[in-house]
Structure formats: structure tokens, C-alpha cells
Amino acid sequence: MTSFSRDNFERMLQRRHPYRLPFDIAFTRPVNDRVLEHLGIGDPVVAFDLDFRAVAAQYKDDVAQWRAAYSEHGIAIPAGYDIGWCGNATAPIDRSESAQAHHIPQTFAPLSAISSVNDLKSFPWPDVQDDKAFDHLALQVSKIQAEERVAMGLIESTAFDPACSLRGLDALVYDLHEGGEIGNWLLDFFTARSIHIVRQFCKAGVDVIRLGDDVGTQRGMLMSVDFWRQHIKPRLVSVIKEIWNSQTRRVAISYSSDGDIRAILPDLVDMGIDIIRPMPPECMPIDEVIGQYRSQLAFWGMIGTQSVMPFGTPEDIDGQVRHLANWVRRGASIIVSPTHALEPDVPWDNVSALARAVRNARL
Amino acid sequence: MSDLSILTEAIKNGNRADAVRLTSEALSGGDDLHAILAALVDGMDDVGRRFKSNEIFVPEVLIAARAMKESMAQLEPKLLAAGIRPEFTAVIGTVQGDLHDIGKNLVGMMWKGANFNVVDLGTNVSPERIIDAVREHKANLVGLSALLTTTMPAMKGAVQAIRASGVNVKVLVGGAPITGDFAREIGADGFAPDAASAVEVARQLVAA
């Protein structure tokens, strides 16, 4: 089956008689453990014959320098928090079986009280052009493609999300509203990082690059379209242009945001986005969106993790997959995936029903 | 006497410099404290209405809430000195196991804007902490938020624990996967699909 993954994905994107539905799925650790328990295989990509494997930049950072800088600025990082790349502060995820949220760490915005760009610049920002972060990439991509799977470069926190993590949503919004330099500096820094990463992804020959920032909510945009166009769109455009400039063959560009982002879909189409994900059916009327944009966009996701995966029956899941397959027969380009990493409340029967339904779907 | 409608406009527009200045001027001009408070609350009510109808979005709410907060910092000491306190106290938190806070924070801001005394317990809050806070602050209302389907059972557990504790408090629930049916099923008193509705429902619950 996997011998056709890349070709099939390309056919799906080009609406050129794909053989089957491309399939992607992400698990939290407890669900991953169940995969091993039920199927005897620890790697979900192999266990479910998934079509995609992810690659990412591996920046190394001097955590001690960040801790020292926080201390120097009088910033108290909560006890037990880890410091990650660019000084990101997160609580360790509770991996115990009884924990309820396995894919999202508690965060602390360490730069929320910084009041000048000069102060901001004094932190030990890493060199985003550091090519060592990509030493592994070409080999990894070639191995994935040798298996005929689709190599996807992940950079779904493109600019807004990482700036929010460090500054905090409220402080970042105040900065941008008041024309403050701090918010713009952070957005520019992460945009420069993203530009370098996509350049390296293209160089390594990935098949698809997944960009994104969470700009949607359950009932619409997090921010106005004007705000998005002013502060986020131009940065995203510069990242997309870098992909166009760097690609040696056509790289598909995906844009991810949770929530309802219908208001910016026309812009995303104009900007050259090929794929929208994860299209949560609890937030967006997916049939309406697919019907309207099927000639311009491909759609990745649509199996709801707030609805059918935890609460539906295997028959419900089968019905949803058949429905999506029907859209493919009507000319839409679809990659089936749950809309988020599966949490432990998803019954195993539903996980296996999804895999079965995708592989049995007639196109 | 000041024209307090200008203060209301400053809150609506999130113009904190004007809001703070106008609050200060109203106070030094001897305006009625209740009237100043009402002008601020009216501004946030309007923000809530426009947020609910998607005329404005989270950034505008945050900016207006900051103007409200800074104006209240001027007004609150005078209110306290005059023995005027918020009529109702609400305890709010994201349920145990859930770390999401944007929705919960928005509701907290909107409730403050509606002149509730808000005790924000943060995220990943155990039922015991909620009950302790209700007792300590003599709260009239509890707001529980959850974003993950995996934490919906924790919301049910929190409601059950609150009921079992015997504290006399109304419970309002909300969050992305939460529905009115689920709220009824777990015994909550109210459900709000968004932050602006949370103000309306909260007012109804505490008035009942």
C-alpha cells in the first residue's frame, strides 16, 4: 500500500484519479501505547500504514543562558518548568495514565513584562540561520521517500503562536494594537526563523510544508480579518515566497489553524496555500467549505476529535469517511485525518474503525 | 457633573488613556460613584454585545478590558471607602487536567466588566480548590471551563463535588466541546457558548 503514498498524494492534490484516501493520524502517548498493545507495532505510521512522516528543524539552545537572562531581568520562571528553544517555558506534561491532557503543556509567558525592544534584544536569541539544525534533514527525507511515503516539513507555529508563547496573547495584542515594537520584533524574529526553515525543507526535498498559526476559535476568527491582514498575513506571505523561491520541484503548502477560519480562506487561496487543515467539523460547516473551495484547495482533517472520534460509534466514523470519499468522487481533494492528536478518551474500536474505513473507501 | 457617556465610549473603544483620565476627572468632579461604575459597565456590556455578534474579536475585548481594569483601579478605592462592593462574587477556573485559559480569561474579564468580584483560580483546578474558594469568598457563582473532550468528565466531577459539598452556589459551564445538553446532563445550572453570553447567563443565575 505504502508504495503508492507519494504518487497517490500527488494525484489527490492534482485531482487526477487518486487510488485511495491519503491517511494521517497523530496520537498522544497513551493511545500510542494502545497501538503497541493491540497491533504489536510501536510505530503508528507502520501500524496503520500512514502515508506521511514528519521532519522538523532541530535547533539546539543554551538553556542555561536563558535561565541566567531571566534571572538577570527578575523574571521568575515557575518551579519545575522546562526551558526550551528561544526561552520557551513549559510545565512537563503529565504522562501518567490518569492525566487528561497529553498533548498540551502548561505554558508561562516569560517576556510578558518586558517593556523595551532593547531589553528584548538582550536575551540570548539563537542564530536562526544555524545550519546545524538541519544536518539530519536530507538523509531523513530521502529515507522517507525511499519508503515511498510523503515527507512533510513541520513548522505549524510559523510566527504568531511562538510570539504568543513568549509574550502572552494579551501583551502581544497590546503591542500590535499600539504599534509597539516588541510584538513586531517577536513576529519578525519568528518569521525569519520560518523563512530559514522552509528554505532548508525545500533544499532537503520535502513533499509538503505545513505552516500555520492558531487564529481561529470555535465560533470564528480569534482576531478580525483586518488585524490578521495587517500583522500576520504579510509575514506568512514572505514565508510562502521563500518556498516558491527555494523549491526545486513543486512543494505543496499546507496551512493549519484550529477553529473556524472561513473568513481568511479567500486570502489563503490568493496567497498560494494548497491545503487547509484540520477543518474541524465542530467549528466549520465542512460540506459548505469543500463545496465552495474544492477547485482551489485540498482539505486535510475533518474527522472531529471533539465529536465523532471520542463520542461516535465505529459506524459513525465509517459514515464520515464514506462521506469524504464521496467528495473525492465529486472532484474534491481530501486527506483524511482526525482534527487533533487523539487523546485517551477515544475508544480503541473507533481508532481501528477509522483506519479500516479509510482503507476500504471507494473513490 | 461629567458627561459619562464619553467614558463609556472610551471603554467601548479600548482607549485606556482617555478612560483613566475621564474616570479620574469624574471622581475629582464629585460624580456619583454608582454612575461612574455604570458608565464603565455599560461600555463593557457593549463590548460583549459586539463580541457576541462577531463585530469585534478577542484583541478588541482584551484592549477594552484593560481600559476597564485601569479605570477600575481609580474607582475601586473610592467604592470601597464608600462601602460599595460588587453585589456578586464569582469563582472561575479551567477544570482539572485542562490547561487552556483563553476562554476562561475572557469570561473572567467580561464578568469583571459586569462588576462581579471575580476570583480566578487559573487552570487545572481541582474540585476541592473550587469548593474552598467558594466558601472563602462566599461566592454566588462558579464558572467552569473545559476545552478538551478528555476533561469533560472532570467538569462533571467538579459539579458533583460542588453539589455534594453543600455549598449554595450556581454553576455555569462552557468551553469548546460543551453543549447545553451536556451542561444539563451533569447538573450545571447554566451554559454559555461564548464569553458575552456568560455575562447574560451569570446575571440571570445570580438574580434567580
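This is a predicted model, in which local features need pLDDT of at least 70, side-chain atom pairs count only at pLDDT 80 or more, and totals for chains, interfaces and linings use all residues. Residues are numbered from 1 along each chain as its sequence is written, while chains are lettered from A and ligands numbered from 1 in the order in which they are written.

**Exercise 1. Describe the open sheet of three strands in chain A and find its edge strands.**

Solution. Begin with the order, which is 2-3-4 with antiparallel pairing; helices (H or I, at least four residues) and strands (E, at least two) are DSSP runs numbered from the N terminus, and two strands pair if DSSP finds at least two bridges between them. Next, look for strands that pair on one side only, which are strand 2 (82-83) and strand 4 (107-108) of chain A. Finally, follow one pairing in detail: strand 2 of chain A joins strand 3 (residues 89-90) of chain A in the antiparallel sense over two bridges, and Asp82(A) has Thr90(A) in strand 3 as its bridge partner.

**Exercise 2. Describe the sheet of chain B and the helices that lie on it.**

Solution. The open sheet has five strands in the order 2-1-3-4-5, with parallel pairing. Strand 2 (117-120) and strand 5 (190-191) of chain B stand at the edges with a single partner strand each, so one side of each has no neighbour in the sheet. Strand 1 (residues 89-94) and strand 2 of chain B pair in the parallel sense over four bridges, and in strand 2 the bridge partner of Ala90(B) is Val118(B). Turning to the helices, helix 5 (residues 102-113) of chain B lies across strand 1, strand 2, strand 3 (141-145) and strand 4 (170-174), running at about 170° to strand 1 of chain B, where axes are lines fitted to C-alpha atoms, for helices over the stretch in contact, and angles run from 0 to 180 degrees between N-to-C directions. Helix 9 (residues 195-207) of chain B also packs on the sheet, touching strand 1, strand 3, strand 4 and strand 5, and its direction makes about 165° with that of strand 4 of chain B.

**Exercise 3. At what angle do helix 8 of chain A and helix 4 of chain B cross, and which residues meet?**

Solution. The axes of helix 8 (residues 169-177) of chain A and helix 4 of chain B come within 10 Å and cross at roughly 90°. These helices are therefore roughly perpendicular to each other, a term that covers 65 to 115 degrees. Asp170(A), Val173(A), Tyr174(A) and His177(A) meet Pro59(B), Leu62(B), Ile63(B) and Arg66(B), contact being defined by C-beta atoms, placed from the backbone, that lie within 7 Å.

How values were computed: Parallel < 35°, antiparallel > 145°, perpendicular 65-115°, else oblique. Contact = placed C-beta atoms within 7 Å.
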